[in-house]
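Please keep the structure in view while reading the numbered points.

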Amino acid sequence: EEEPCATWSGYLELWRKHLDEIVDHPKVIQAMKSQFHLSADLYSLKQLLAFPLSRLGRHTHPFLEPSDFVQSLSFMQQDPRALLLRDVSVLELCLVVAMKRVLDLTNEESCNFEMIYDEYKKFLTSHHSHSMSFFGKPVAMKAFESLVSIGVVQNIDSGRLSSGGRKTLKEYQPMVLLVTSKQIGDVIKNYPNCPTDIIQWNARKSLA
């Protein structure tokens, strides 16, 4: 690999030469085309260039590389909420799968925590898993609230009142899931040491 020159003028000369070469590289051209089809505005182009430029260092990473553009495009195409799921606990992941299954079963757009917890409890008690611990409702509610706080789950009517004029208890407030089944599947596929029971549970069809 070509070493950068010791002098600033020498480095600039190599930079210009390298830049002329990289703009014609097939991987860079493909990344630019892919981003253009997603969004043709100048702001999106700046976003695509931000990661490659941030990696530059005269001695550590002196020139732009095609892989920088490929990686930058990959970052831009990922859904932020799906990325958040990568760091959730096993319990939180279970609650996401349970919610997805409840929504599939009821064919509704929303459900509440009680329904989700019942599905989670049914899964754990029916499988007698040795690799997973069963958590009571207070702990599960804390985990569920964490999913709400990071934007994976959303309360769609926090101000709703019950028939008696009182605010609906948080266990019964309608919630929507903001990640898709495919995104959940992708997260489970890449989740470190994901319990086999969760993988099979997510893949199994919901039956009434």
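1. A pocket, as the word is used here, is an open set of grid points, each a place where a 1.4 Å probe fits, with protein on both sides within 12 Å along at least five of seven lines. The model under discussion is predicted. Its largest pocket has a volume of about 230 Å³.

2. Which residues line the largest pocket? The lining consists of Gln 77, Gln 78, Asp 79, Ala 82, Leu 83, Arg 86, Gln 183, Asp 186, Val 187 and Asn 190. Two elements, α5 (80–84) and α9 (181–190), each give two or more residues to this lining. The greatest share comes from α9, with four residues. By class, the lining of the largest pocket holds three nonpolar, four polar and three charged residues.

3. The helix α9 also packs against helix α6 (residues 90–106), at an angle of about 150° and with the axes 11 Å apart. Angles over 145 degrees count as roughly antiparallel, and α6 is therefore roughly antiparallel to α9. The crossing of these two helices, α6 and α9, is left-handed.

4. Where do α6 and α9 meet? On α6 the residues are Leu 93, Val 96, Val 97 and Lys 100, and on α9 they are Ser 181, Ile 184, Val 187 and Ile 188. Six residues of this contact are nonpolar, one is polar and one is charged. The student may note that Val 187 of α9 takes part in the contact with α6 and is also listed in the lining of the largest pocket.

5. From α9, Ile 184, Gly 185 and Ile 188 make the contact, together with Ile 198, Ile 199 and Asn 202 from α10. Four of the contact residues are nonpolar, two are polar and none is charged.

6. The remaining pair is helix α2 (residues 26–38) and helix α4 (residues 66–77), which pack at an angle of about 25° with axes 8 Å apart. Angles under 35 degrees count as roughly parallel, and α2 and α4 are therefore roughly parallel to each other. The crossing of α2 and α4 is left-handed.

7. Which residues make the contact of α2 with α4? Lys 27, Val 28, Ala 31, Met 32, Ser 34, Gln 35 and Leu 38 belong to α2, while Pro 66, Phe 69, Val 70, Leu 73, Met 76 and Gln 77 belong to α4. This contact has nine nonpolar, three polar and one charged residues. Gln 77 of α4 belongs to this contact and also to the lining of the largest pocket.

Terms used: Residues are numbered from 1 along each chain as its sequence is written. This is a predicted model: local features need pLDDT of at least 70, side-chain atom pairs count only at pLDDT 80 or more; totals for chains, interfaces and linings use all residues. Side-chain values use heavy atoms; hydrogens and water are left out. On a 1 Å grid over the protein atoms alone, a cavity is a set of points where a 1.4 Å probe fits but cannot get out, and a pocket is an open set with protein on both sides within 12 Å along at least five of seven lines; lining residues have an atom within 4 Å of a point. Grid points are joined across faces, edges and corners, and a volume is the space filled by probe spheres set on the points. Ala, Val, Leu, Ile, Met, Phe, Trp, Tyr, Cys and Pro count as nonpolar, Asp, Glu, Lys and Arg as charged, and the others, Gly among them, as polar. Axes are lines fitted to C-alpha atoms, for helices over the stretch in contact, and angles run from 0 to 180 degrees between N-to-C directions. Angles under 35 degrees count as roughly parallel, over 145 as roughly antiparallel, 65 to 115 as roughly perpendicular and the rest as oblique. A crossing is left-handed if the near helix is turned anticlockwise from the far one by less than a right angle, and right-handed if clockwise. Contact means heavy atoms within 4.5 Å.
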